[in-house]
Amino acid sequence: MTLKLCIVAIALMTATAKAEAQTEKKDSVDYSLNLKDLVVKSNAPRTKMRNGAMVTRIVGSPLESAGSAEDMLARVPGMMRMGGQLQVIGKGAPIYYINGRKVQDLEELKRLKSYDIREVEVINSPGAAYDASVNAVVRIKTRRQQGEGLSGRFDVRDDQALKSGNNNLSSSLNLNYRHKGLDFFGGMTFQNDYLDGYRSLLEQTTYGTDVTHTQTGFTQSDEKFSRIHYNAGVNWQLDDDNFVGVKLERGKWLKNNLIFTMEEDILRNGVKEDYLKSVSDFDYKNPNTLQANAYYNGKIGKWGFDANVDYYSQCDKNDDHISEQAMSGTRTVESTTENKSHLFAARLIADHPLWNGKLSIGGELTTVCRDNNYRISGVENISDRLSKVSEQNYAAFFEYGIMIPKAGMLTLGMRYEHVAFDFDDLSNPEQSVKRNHDDFFPSMSFGTRLGALQMQLSYGVKTTRPMYSQLRSEVYYVSKYTLQTGNPLLKNEIRHTLDLSGRWKWLAFNVNYLHIKDAIYDWTTPYDDNGVVMIGMVNFDSPIDVLSAFLVASQNVGVWTTSNTVGVQKQWLSFNLDDPREASGKRKVSYDKPMLIFNSDNAFRLKNDWQLELNSEFYSKAHYRNVRLLQAYWNLTAAVQKSFLKDKSLVVRLSCSDIFNTARHDALLDLGNYTLLQGDVFGGERGNYSFHRVSLSVRYAFNSTKSKYKGKGAGQDVIKRL
């Protein structure tokens, strides 16, 4: 702005001088000088650093046309898609905030459209204000728009797989009515998915002293589900600095049925001794959720306050009908699983200027109750289980940031958490577990600037708590040769992280080192001498060290906008595992092959509101946690988009993703006396079993009002574990 004013002033003075000179020569003639608009153009960097976060501007960039927030986040610098799951490079899955409110359901990232997003902050080193289990934070800020009256937006999108019967149809309607300080909003989203005949390779082998058992074949998934989600709320702006509001959300599955088929040959020392075809018919009766949030956000004097209260409930019932055919005969196994969960959470943060900085203090309370009832018939060695989990988490924290003259910004923080966990096994009281944790989690960071170079160095201690389903004690029947259970004795992961991030002109970088103790993993072991295996959970005895680094280069050249990410992620992990094939009975297994990352986004903005895109995601063969990824992953996507009407309120977008059908990972799990080879190991986790598909979306919006809801939510890390 200063540069522009200077240029305008110089132009005015020059023009005035010329006019005066001409007037002196021809003083009998009046001259009129019309100075046209003077525009100074520059291309601001799309990604920059702010308070230690990597901030990417979405509005006005090609990313605003990506589709859903989920589609857009995969292309934000510092993020990647591993098997369809969004991750912060080197940190794993983050938690999300939308306008300061924690995301309660990851489906919300599909409902939120990229066009409505103003900017995205990727925080690699969350401070003491965040729960100790948070690895990384992604803060989404939507467009700030003004206006009165009624506004709305309608979206519809259909994804069709090209080589499989996988179709995803979704539509949403969002309305907003604003009058002075009151803002009423509500919306509805409908999703219908259809999956037909998705197959995946499966081969698992157990090694005994004299006998080797192999199960080789395939799995097939056929699924139909439809879901509807409602939300409604009100926001009241008391004055320029104070807001209160209430929001209700309801999720309901209209239909959810999965047929999972496993067909395999059973080999004993390489000789076929059995054949198994297992068909599991899962019928999810009542997987419904209800959430209520109330908040206050404002200032009283020099104090700033942010208060949130949440209630969350979830109930689900799963009837599983398993029909098995084997050479020895047939049998039917029936099981029912019922879960009921309730959560109450409250969070208060207050901040106040102190000396040359700001002090933030706060507290958080989360209490959870979860009941589980498992009933089974048709198999002798597995019994019914009834259990109850309760957990209370009391947390307090402080964080102080101070500006040191001629040096930089120093931030120190400490978080204290008291966790009381009670697992009550009503069927077998001997397996009940009670334990308390009292932990301190320090954090610190220092940011500085050297000319055009911005840098920040951060250190913190974090934890990962087991999912509640991982703490169960009952044995689940999967098939004649496969059982599954949890582990109530699982300990929390402890992670130490050191992070260096920076930016120089149009380049941004991040280097992260992570040391993990008591890491939680799936672990499969032989259950008996007949080839039956048990899938369970363990804490690793060996620590894991992970080093990741990436560099982002973003440029605008005429109509072409490009952003390229180059990175590497390497871990150090090894075990001495039981293996009867070795003379010593032990074998060292290492997982240390690095992953190379290269993502490139390219957009061309043409005349008449046309936009063309060509985007690529590439990840090399690598070792990821305790899995060997056996092939490189490459997803090449092309898209064309056109805006219609004078106000560009109608947008049509057509895209083709995974053009060459190469976006998959086959994986090998090696646990010494057990190996598992699985095709497309992440397929079921990403919702869309095939990225090789065509998508058509249409968006229409009218008026320009936007919800002012500022609730941030509380206890969302526990909701995720539920």
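Strand 8, residues 137–142, is largely enclosed by the rest of the structure, because five of its six residues are buried. Buried means under 20% relative accessible area, with a 1.4 Å probe and protein chains only. Strands here are DSSP runs of E, at least two residues, numbered from the N terminus.

A word on the source. This is a predicted model, where local features need pLDDT of at least 70, side-chain atom pairs count only at pLDDT 80 or more, and totals for chains, interfaces and linings use all residues. Residues are numbered from 1 along each chain as its sequence is written, and side-chain values use heavy atoms, leaving out hydrogens and water.

Back to strand 8. Which strands pair with strand 8? Strand 5, residues 95–98, runs parallel to strand 8, with four bridges. Tyr 96 stands opposite Val 138 there. Strand 7, residues 117–123, runs antiparallel to strand 8, with six bridges. In that pairing, Glu 121 faces Arg 139. Two strands pair if DSSP finds at least two bridges between them.

Four strands form it, in the order 23-24-28-27, with mixed pairing. Strand 23 (475–479) and strand 27 (520–526) are the edges, each pairing on one side only. Neighbouring strands are turned by 30° against each other on average, direction ignored. The angle is taken between axes, lines fitted to C-alpha atoms. Strands 23 and 24 (residues 482–485) run antiparallel, joined by four bridges. Val 475 stands opposite Thr 485.

Last, Ser 313. It sits in strand 16, residues 303–326. Is Ser 313 buried or exposed? Buried, at a relative accessible area of 14%. Beyond its neighbours within four places in sequence, Ser 313 contacts Asn 288, Thr 289, Leu 290, Ser 341 and His 342. Contact means heavy atoms within 4.5 Å.

Note on methods:
Buried < 20%, exposed > 50% of the residue type's maximum accessible area, 1.4 Å probe, protein only. Axes fitted to C-alpha atoms, helices over the stretch in contact; angles between N-to-C directions.
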